[in-house]
Amino acid sequence: MPEESVTSFEELVARLRRIFVNAGASPQQGAAVARVIASGERDGAKSHSVYRVEVCLKSMRAGTVDATAVPELRDDGSPIIRVLGNRGFSCAAFELALPVLAERARQCGLAALVLNDVGHFSALWYEVESVADRGLAGMAMCPSYSAVAPAGGSRPLLGTNPFAFGWPRPDGPPYVFDFATSVAARGEIELRRRAGDPIPEGWAVDADGAPTTDPDAALAGAMLPFGGHKGSAIATMVELLAGALIGDMSSREVLDDLGGTSLVPVHGELILAFDPARFAAGRDADPARQGEALFEAITGQGARLPSMRRYAARERAATQGITLTAEEQAQLNRFEEHGLDALS
Ligand code: NDP
Ligand code: PYC
């Protein structure tokens, strides 16, 4: 068994790319997935980084995700840009359309990127941070598969439906928040199950609707929305805007399509980009300055901004490298050596 090891971001991207391409992914898909997974590991976003390699490869083996798919950009010059993902990974579809989304938002003030039929396993901060890095405010959302009971219910219906927001800052990385609309991401429960740890109270109910701290019972039962009826309503909005509105599947339909939650869900995603200069045009106002004043007031009370933990991890990774556990290292070695045959 190899020991804990340290790698650089660039080495990890290259290694993951090799693993995916050797397993049958096209260079376009493999490189995009590798960048997203390595970015998550670099940022200490453990629920959506290296541990997701296995489910991505399983989905490729099962044929539910087509890692050779060529995403197709549909751009009629309007503020709505579409990419047909053709069941490839969302990462490649997003990468293809990001420059067009940014250019259209600057041109029109507001632009929307619709991704259809994409395998989506990743965290949404990646999308909104990429938008904000181009000087634009961004929002992103997508369904997943039925795993969460609506407030007042006890059976899985809604997805863990992440929602993320990014705001560009003049002197540093953007303000970004990104969360599941369930109390925690399903990946957080899965990581605790693997570690043999209980989950906190209030995250889930078992198959009989009784509160549970047992990860297995939670995964077999229903997760709970964050903030009761408020999270439940936001998760419902995500189903509507990133499902029904864009002509794509709801979390319920995704679950029916896949027959379980052990593979990467395939559905749509909606990403919005706003140009602050255009929205504030004609006003005696400076959105950036106003934003900075708000952030200073928040941190001035001793509170931290979302993504500060992630950015601190990123800085550490730049100087000290990215640490992989012995288990992660062993698993990547197996995938690198045996490709899809290494899957259980
Ligand atoms: P967390 O609850 O861990 O974090 C949510 C957000 O809150 C982060 O931006 C985090 O910043 C911030 N935050 C956490 N604690 C504080 C604090 N004390 N003060 C201020 N901000 C704070 O995330 P979730 O478990 O809800 O989701 C994890 C990930 O799972 C997300 O990235 C999400 O996109 C992903 N996901 C993906 C799904 C998919 O279908 N693809 C489905 C569901 C979730 P920081 O990171 O710096 O701590
Ligand atoms: O962690 O809830 C989750 C999740 C679902 C799909 C991808 N991640």
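The following dialogue examines how terms are applied to this predicted model.

Mentor: In this predicted model, local features need pLDDT of at least 70, side-chain atom pairs count only at pLDDT 80 or more, and totals for chains, interfaces and linings use all residues. Residues are numbered from 1 along each chain as its sequence is written, chains are lettered from A and ligands numbered from 1 in the order in which they are written, and side-chain values use heavy atoms, with hydrogens and water left out.

Trainee: How do you know whether the radius of gyration of the chain agrees or disagrees with that of a compact globule?

Mentor: The radius is taken over C-alpha atoms, and the globule rule is 2.2 Å times the number of residues to the power 0.38. For 344 residues the rule gives a value near 20 Å; the chain has 20 Å, and therefore agrees. The C-alpha trace spans about 60 × 45 × 45 Å along its principal axes.

Trainee: What makes a run of residues count as a helix or a strand?

Mentor: Both are DSSP runs numbered from the N terminus: helices are H or I with at least four residues, strands E with at least two. On that basis the chain has 13 helices and 12 strands.

Trainee: Why is S307 called buried?

Mentor: Buried means under 20% relative accessible area, exposed over 50%, and partly exposed in between (1.4 Å probe, protein chains only). S307 has 11% relative accessibility, so it counts as buried. S307 lies in the loop between α11 (287-300) and α12 (308-320). Of the 344 residues in the chain, 52% are buried.

Trainee: Why are β9 and β10 placed at the edges of their sheet?

Mentor: The open sheet of three strands has the order β9-β8-β10, with antiparallel pairing. β9 (211-212) and β10 (222-223) each have a single partner strand, so one side of each lacks a neighbour in the sheet.

Methods
Pairing = 2+ DSSP bridges.
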